[in-house]
Each structure stands twice: as structure tokens, then as C-alpha cells.
Amino acid sequence: MNSSQVRVSSPWWIPTAVAMLVLALLGGAMIGPAGPTWWRVPLELLNRLPLLTVHSGVSESEWNIIWLVRMPRVVLAGLVGCTLSIAGASYQGVFRNPLVDPYLLGVAAGAGLGATFVFTINRAGSSTWLIDPLPLAAFGCGLAAVLVTYVVGTAFGGERSSTTLVLAGVAVTSLVTAMQAFLLQRHTDVMREVYSWILGRLSTATWTDVRLVLPYVALSTTVLLFHRRLLDVLRVGDDEATALGAHVNRIRLVVVLFATLGTAAVVAVSGLIGFVGIIVPHAVRLLVGASYRVVLPLSFLLGGAFLITADIPGRILSNPAETPIGVVTAFLGAPFFLLILRTRQASR
Amino acid sequence: MTSLNFEKVSVQYGQRRAVVEFSEVVRPGEWLCLIGPNGAGKSSLLRAIVGIISFSGNIVVDGATLHDRNARRRAQLVAYVPQSPVMPSDMNAYEYVLLGRNPYVSHFGSESVHDTAMVNSVFERLDLTDFAHRQLGELSGGERQRVAIARAVAQEAPILLLDEPTSSLDIGHQQQALELVDKLRREHGLTVVSAMHDLTLAGSYADRLVLMHEGHRVVGGTAQEVLRAETLAEFYGVSVHVHHEPDGTVAVIPRRSLRT
């Protein structure tokens with residue numbers, strides 16, 4: 001035997017996933033209801049690189065469509081997909097439950113409630129504060145929601161009960177949504193703003209939005225990737241992980257904190273998008289195995305590629321109207337989730 | 001070789017005292033086996049050593065108390081094989097044994113070349129090379145037990161704790177697993193503490209036995225000293241025939257109380 005046995009999958013997976021992400025980015029930039037012919041886009045992108053001159057035939061106004069309309073949207077969709085996907089894989093690792101994702105654990109709904117709080121208090125004034133309270137409130141309430149889900153789920157079903165945790169997530173999501181509806185009923189003046197926030201602004205994304213979420217995504221992803229080996233240690237359960245010298249509670253807290261931070265940040269710009277965090281990590285496991293050393297980075301890369309690709313039909317199918325990306329992921333995700341549930345039942 | 005001293009160790013679950021002021025000295029390289037009926041506190045004592053549950057009193061390894069060690073250092077000193085190890089079915093044997101190197105890897109680090117070389121040598125020494133890449137879900141009970149022991153060996157800890165290492169194995173695999181532990185003990189100078197229900201096997205492999213009952217240490221000594229029919233009748237509530245072999249081993253055979 002040699003040390004290469006530690007590699008649980010082909011070393012080609014990561015370059016392949018990077019290539020798929022780049023292709024998705026390129027595809028997203030090439031396709032749209034208005035703008036230049038699709039094949040001119042990559043030529044113009046090459047032309048914009050330093051030291052390269054390529055004649056693409058793209059006018060300045062067409063370039064503005066590419067750079068100011070399509071690219072921010074594509075990059076933002078990529079960041080959202082990467083984050084929801086790696087956060088989903090991380091939650092699955094830390095809760096040792098393959099059926100959870102940020103949406104099902106109530107994180108997204110909690111973030112929505114936090115945002116509603118800020119809108120009802122004084123959004124116009126607070127947005128000019130030194131630190132915008134909106135993402136912080138979304139993060140705080142998202143974190144509270146996932147903690148309540150975990151405490152309730154484990155109290156009634158024990159740590160190994162997958163379905164109890166999911167049911168707890170459904171209950172917490174319902175409760176949080178009801179609280180949000182109650183708040184909105186008492187503050188009808190901010191209803192339009194809140195719903196516009198919940199539905200997200202992927203379709204009107206700007207580079208400012210990208211700059212807003214990028215630090216959170218970078219921080220959250222870096223911390224989560226650094227924990228990928230420890231998530232493998234947690235797979236043998238809390239007791240054995242402790243006996244192996246792991247600080248189980250500390251690992252769980254840090255991973256939940258940073259997965260929630262990333263989720264709350266992207267939910268703030270994309271709205272509630274379900275199932276990405278469950279579809280992508282499961283597909284990755286089917287391809288390369290269950291080790292988080294590979295599942296986490298691949299989920300990150302392929303999650304971005306997936307959401308960029310999922311956003312494309314919504315942009316062109318019902319033009320000039322838009323199909324929200326959450327609708328597309330739900331169409332794909334709901335049957336996928338049921339398929340996983342059925343497979344798990346069959347394997348018991 | 002490393003010694004292990006228990007000084008008035010107590011473990012409590014709420015109001016229930018699982019272990020009560022347990023004191024014992026395990027000499028370097030010795031195999032001590034804890035015996036006793038269900039609920040005697042054997043598993044609780046082992047779980048306390050590795051930090052899974054909290055305890056009062058002192059557990060001293062080579063002169064330093066475990067309280068003063070951080071989790072990683074403790075795992076470098078003590079390896080633990082639970083009664084029913086959690087073995088994710090989609091994890092392969094190599095990944096599983098590699099987890100044994102966790103105490104030597106920093107929080108954000110990854111395994112070094114030395115760590116992987118160590119794991120490779122464990123596979124070779126334990127003759128497990130053939131199923132390094134097999135999923136744990138595909139392994140038989142005996143193979144899984146050997147892989148669980150391999151993970152503990154990969155920890156390179158001088159003290160090995162085994163909680164019911166043979167409970168789910170047939171008689172052949174029971175013997176194989178215990179012979180493997182004995183071989184490792186002799187070759188690497190391991191100090192072994194095990195909890196076992198099979199009194200004959202416990203007496204055959206361990207240097208000394210300690211009988212526990214309701215959290216208390218009742219009696220300790222060699223198999224001949226501890227495995228006595230009247231002692232077992234008192235604490236297990238069972239009638240047994242104790243057979244002494246010429247080579248010094250002791251066989252404990254339960255007697256049926258009623259014959260119809």
C-alpha cells in the first residue's frame with residue numbers, strides 16, 4: 001500500500017468541477033433575452049483581458065448588458081449556489097443527517113424573520129448605520145432557528161433520528177413563518193419591501209450585491225473547508241469522536257455558526273432557495289463517496305455550477321417575465337428529496 | 001510501557017451513581033479485565049477514562065492525571081474500542097482507520113506522510129490489506145471488529161480500552177479478536193483494560209480480573225482468585241460450575257437451576 005490510498009476519489013474530480021463551474025459561468029454570460037449573439041460573448045471576454053485583442057463585434061451597449069446585467073447575476077447565482085451547497089453538506093455532516101439543508105432546518109425562514117424585524121423597526125434609517133443590521137439580524141434569527149430545530153429534533157428523536165430532525169425543521173419553519181406573517185400584519189406598510197427581500201433580487205443583481213455577500217461567503221467557506229477532515233471524524237458519532245481527541249461541541253458550534261453566516265448572507269440577496277443544499281451534496285456523494293474531504297470542496301464548486309445553470313431557464317422561458325430560481329430548484333429538488341427518502345427507507 | 005491508576009473514581013448520571021470510588025492500579029503491560037453483571041459500572045469507567053463522561057477522583061497515567069491533559073493528548077495515551085463502534089456503511093476501511101491519527105493532527109491540519117505510512121503499516125501488521133478499500137457496510141462482524149481494533153492501534157496509544165470486544169462475534173472470531181489484542185500487547189507493550197461478560201474468555205486472556213457490582217469494586221485478583229462459584233453466585237445471582245484446567249485457566253459453566 002502507498003499513501004495515495006488516502007485519496008478517496010480520483011484527483012481529477014476537483015479540476016473537472018472547476019471546469020464545470022467556469023463553463024456554467026460562461027454559459028450564463030452567453031445566454032439572455034437581449035444582448036449580443038451568444039458566441040460573441042466569450043470572444044469579447046477574451047478581448048477584455050489584458051494583452052489580448054480579439055475582434056468580437058460586440059458594441060459598447062452590448063458589453064454593458066454582458067458586464068452590468070448578466071455577469072453580476074451569474075456571479076451572484078454562483079456564490080449563492082456555492083454557499084447553500086457547502087452549507088448544506090456541512091449541516092449534514094455536523095448533524096450526521098443526510099436529509100437536512102439550510103432550507104429544511106429553518107435557517108432560511110429564520111433569516112427572513114430577522115430581516116422582517118429590521119424592516120418593521122426602521123429600515124430606511126438603519127441602512128445608513130456603520131454596520132448594516134439587516135444581514136446581522138438575518139444571521140441571528142437564522143442561527144436561533146437552526147439551534148431550536150436541533151434541540152427539539154434531538155430531544156424527541158435522539159441524535160440519530162433523521163426524520164425527527166427534518167420534522168422539527170418543518171415545525172420551526174412553520175412557526176417562524178407564522179411569526180413573520182403576524183409581524184407583517186401589524187406593519188402592512190413594509191409588506192412590499194419585505195416580500196421583495198424574501199423573493200430575492202437575483203434578477204436585478206448588481207456588482208454591489210456581489211461585493212456585499214462576497215466577504216461573508218469567503219469567510220464562511222474558508223472556515224467550513226478547514227473543518228472538512230473533522231467532519232469525517234464526527235461521522236463515527238460524538239462519543240468515539242471525543243475518544244479520538246476531537247472537541248465535538250466546539251466543532252459543531254463553529255460549523256453551524258459559519259454555515260449559518262454564509263446562508264444568511266446569501267439569502268439576503270437571493271431570497272429563499274430550497275433544495276440546493278441537498279441535491280448537490282447528494283449527487284457528489286453518489287459520484288465520489290461520502291468523505292467530507294471531497295464532498296465539501298466539490299459541493300462548493302458544483303453548487304455554483306448548478307445554480308447558475310438552474311437560473312438560465314428562468315431567464316429565457318417566460319421572457320419578458322422571469323421564473324424565480326427558487327421555483328426551478330424546487331421542481332428539481334422536491335422529487336430528488338423524495339427519491340433520497342425512498343432509497344433510505346429501502347436500504348433499512 | 002505505561003501504568004494506569006484509578007484513585008477513588010466516581011461517575012454519576014443524575015442521581016444514580018454508576019461508579020463509586022473505584023481504586024485500582026493497572027501495571028505497565030498488564031491486561032486487566034473488568035467483569036460484573038449488567039449495570040455494574042464497567043462501561044462507565046472506560047468511558048470516563050477517554051473523556052466521554054465526566055468523573056470525580058483521579059485517573060493517573062504514568063504519574064500525570066488525565067484531568068491535566070487536553071483531549072488530543074489524552075487520545076494519544078488511551079485508545080478506545082466501544083462495544084458497538086459506529087461504522088458508517090459508506091466509509092471505507094482505510095478512511096476509518098485513518099481516523100485513529102486524529103490525535104496527532106492539528107485542528108485545521110491534515111494527515112502527514114508519517115500518519116499515512118503508520119496506517120499502511122497497521123493494515124499490513126493486522127493482515128487487513130485486502131479490504132482496505134472495502135466499504136464498512138460490506139464487512140462481516142469479525143472483519144469489522146478487526147478494523148475497529150486497527151483504528152485503535154493506529155492511535156499508537158500505550159493504553160488500549162476494550163468494551164465488550166467479543167459480544168457480537170461467534171466463538172471463532174471471539175478467539176481471533178482476543179488473540180490479536182494479546183499479540184499487540186506482547187509486541188507493543190500495551191496496557192489493556194477490557195470489560196467482558198464472557199468469564200471464561202476473560203479469565204483466559206487477562207492477567208487479572210476485577211469484579212464490579214453496582215459501581216463498587218468488589219474483588220480483584222487472578223482468574224483462580226476471582227472466578228469462584230460462591231462469588232459469582234452472590235453477585236451474578238447464578239449457579240455456576242467453575243472448572244480449573246491443569247494449565248491454570250478457568251472455565252465457568254452456568255448450571256440450569258431447574259430441570260424439567
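Biologist: Why are H3(A) and H11(A) called roughly antiparallel to each other?
Modeller: Their axes (lines fitted to C-alpha atoms, for helices over the stretch in contact, with angles from 0 to 180 degrees between N-to-C directions) cross at roughly 150 degrees. Angles over 145 count as roughly antiparallel, under 35 as roughly parallel, 65 to 115 as roughly perpendicular and the rest as oblique, so H3(A) and H11(A) are roughly antiparallel. Those axes come within 9 Å. Bear in mind that this is a predicted model, where local features need pLDDT of at least 70 and side-chain atom pairs 80 or more, while totals for chains, interfaces and linings use all residues. Residues are numbered from 1 along each chain as written, with chains lettered from A and ligands numbered from 1 in written order.

Biologist: Is that crossing left-handed or right-handed?
Modeller: H3(A) passes H11(A) in a left-handed crossing: the near helix is turned anticlockwise from the far one by less than a right angle, whereas clockwise would be right-handed.

Biologist: What makes the contact between them?
Modeller: Residues in contact have C-beta atoms, placed from the backbone, within 7 Å. From H3(A) they include Leu76(A), Leu84(A) and Tyr91(A), and from H11(A) they include Arg252(A), Ala259(A) and Val266(A). By class, the contact of H3(A) with H11(A) has 12 nonpolar, five polar and one charged residues. Here Ala, Val, Leu, Ile, Met, Phe, Trp, Tyr, Cys and Pro are nonpolar, Asp, Glu, Lys and Arg charged, and the others, Gly among them, polar.

Biologist: Which residues of H2(A) are buried?
Modeller: Val41(A), Glu44(A) and Leu45(A). Buried needs 20 or more other C-beta atoms within 10 Å of the residue's own; 12 or fewer is exposed, and in between is partly exposed.

Biologist: How do you know that they line one face of the helix?
Modeller: Down the axis of H2(A), the buried residues fall within an arc of 105 degrees, so they line one face. They pack against H1(A) and H3(A).

Biologist: How many helices and strands does chain A have?
Modeller: Chain A has 14 helices and zero strands, counting DSSP runs from the N terminus (H or I, at least four residues, for helices; E, at least two, for strands). Of its 348 residues, 48% count as buried.

Biologist: What does the contact with chain B take from chain A?
Modeller: It takes 23 residues from chain A and 30 from chain B. On the side of chain A that touches chain B, H10(A) gives the largest share, four residues. That side divides into 10 nonpolar, eight polar and five charged residues.

Note on methods: The arc is that of the directions from the helix axis to the C-beta atoms. Two residues are in contact if their C-beta atoms, placed from the backbone, lie within 7 Å.
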